[in-house]
Amino acid sequence: MAFNGTWKVEHNENYDKFMEQMGINVMKRKLAEHDNLKVIIEQTGDKFHIKESSTFRNKDIDFTLGVQFDYALADGTEVSGTWEMDGDVLKGKFTRKDNSKVLTTTRAVVGGELVQVSVRKSHIMYLFK
């Protein structure tokens with residue numbers, strides 16, 4: 001299970017622009033810049049348990065590949081969607097409940113690092129180590 005482990009954000013690109021396009025207000029975007037996100041992933045077959053911890057919150061997420069579930073982003077925005085495996089890539093598609101904007105996300109382990117790319121109109125890339 002390549003995703004298993006503890007991952008801490010080391011770098012991100014295009015963060016503010018991406019958040020703006022997702023409809024996140026400026027105050028929440030500024031706070032999120034200092035989030036210090038750490039993610040612990042435990043995968044057992046098609047089931048995932050993810051623990052997110054940051055400066056502003058701690059959250060446990062459980063999901064099964066291909067099964068729709070609800071989730072709240074760090075700013076409280078509610079989304080609904082699914083994760084699927086495509087080879088060694090974890091692909092997610094989520095829709096905001098308040099404005100129907102769609103967010104797609106991929107996660108892959110590349111060279112011992114977890115790379116996450118999220119797309120709305122622009123993209124944001126996280127590099128976790």
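Leu31 sits in helix α2, which spans residues 26–32; helices here are DSSP runs of H or I with at least four residues, strands are runs of E with at least two, and both are numbered from the N terminus. This is a predicted model, in which local features need pLDDT of at least 70 and side-chain atom pairs count only at pLDDT 80 or more, while totals for chains, interfaces and linings use all residues. Residues are numbered from 1 along each chain as its sequence is written, and side-chain values use heavy atoms, with hydrogens and water left out. Leu31 has a relative accessibility of 43% and counts as partly exposed. On this scale, buried means under 20% relative accessible area, exposed means over 50%, and partly exposed lies in between, with a 1.4 Å probe and protein chains only.

Arg29 is also found in helix α2. Arg29 is buried, at 10% relative accessible area. Leaving out residues up to four places away in sequence, Arg29 touches Tyr15, Asp16, Met19, Glu20 and Ile24, where a contact means heavy atoms within 4.5 Å. For Met19, which is 10 residues from Arg29 along the chain, the C-alpha atoms of the two residues are separated by 6.6 Å.

## A nonpolar surface patch

Which residues form a nonpolar patch on the surface? They are Val26, Met27, Leu31 and Phe56, and together they have about 410 Å² of accessible area. Patches are made of residues with over 30% relative accessible area and no salt bridge; like charges are joined within 9 Å, and nonpolar side chains (Val, Leu, Ile, Met, Phe, Trp, Tyr) within 5 Å. The areas come from the Shrake-Rupley method with a 1.4 Å probe, and for residues only the protein chains shown count as cover.

## The loop between β3 and β4

Ser54 lies in the loop that runs between β3 (47–53) and β4 (58–64). With 17% relative accessibility, Ser54 counts as buried. Apart from its neighbours within four places in sequence, Ser54 is in contact with Asp35, Asn36 and Leu37.

## Salt bridges

A salt bridge is a side-chain nitrogen of Lys or Arg within 4 Å of a carboxyl oxygen of Asp or Glu. By this rule there are four salt bridges. One of them joins Glu52 and Arg57, whose closest N and O atoms are 2.7 Å apart. Glu52 is buried at 10% relative accessible area, and Arg57 counts as buried at 19%.

Lys91 and Asp86 form a salt bridge with an N to O distance of 2.9 Å. Lys91 is partly exposed at 37% relative accessibility, and Asp86 is partly exposed at 44%. In the salt bridge of Asp98 with Arg96, the closest N and O atoms are 2.6 Å apart.

## Aromatic pairs

A pair of aromatic rings is described by the distance of the centres and the angle of the planes. Rings of Phe, Tyr and Trp (its six-membered ring) pair if their centres lie within 6.5 Å; planes under 30 degrees apart count as stacked, over 60 as edge-to-face and the rest as tilted. The whole structure holds six aromatic pairs. Phe63 and Trp83 form a stacked pair, at 6.0 Å centre to centre with 25° between the planes. Phe63 lies in strand β4 and Trp83 in strand β6, so this pair ties together parts that are 20 residues apart in sequence. Both Phe63 and Trp83 are buried.

Trp83 also pairs with Phe94, edge-to-face, at 5.5 Å centre to centre and 70° between the planes. Phe94 lies in strand β7 (residues 89–96) and Trp83 in strand β6, so the pair ties together parts that are 11 residues apart in sequence. Phe94 is buried, as is Trp83. Ring pairs link Phe3, Phe48, Phe63, Phe69, Trp83 and Phe94 into a cluster.

## The whole chain and its confidence

The protein has two helices and 10 strands, in the order β-α-α-β-β-β-β-β-β-β-β-β along the sequence. Of its 129 residues, 41% count as buried. The protein exposes about 7100 Å², and carbon and sulfur atoms supply 51% of that area.

The mean pLDDT, the predictor's confidence in each residue from 0 to 100, is 84 for the protein, and 88% of the residues score at least 70. Confidence is lowest in strand β10 (residues 123–128), with a mean of 53, and highest in strand β6 (residues 78–86), at 96.
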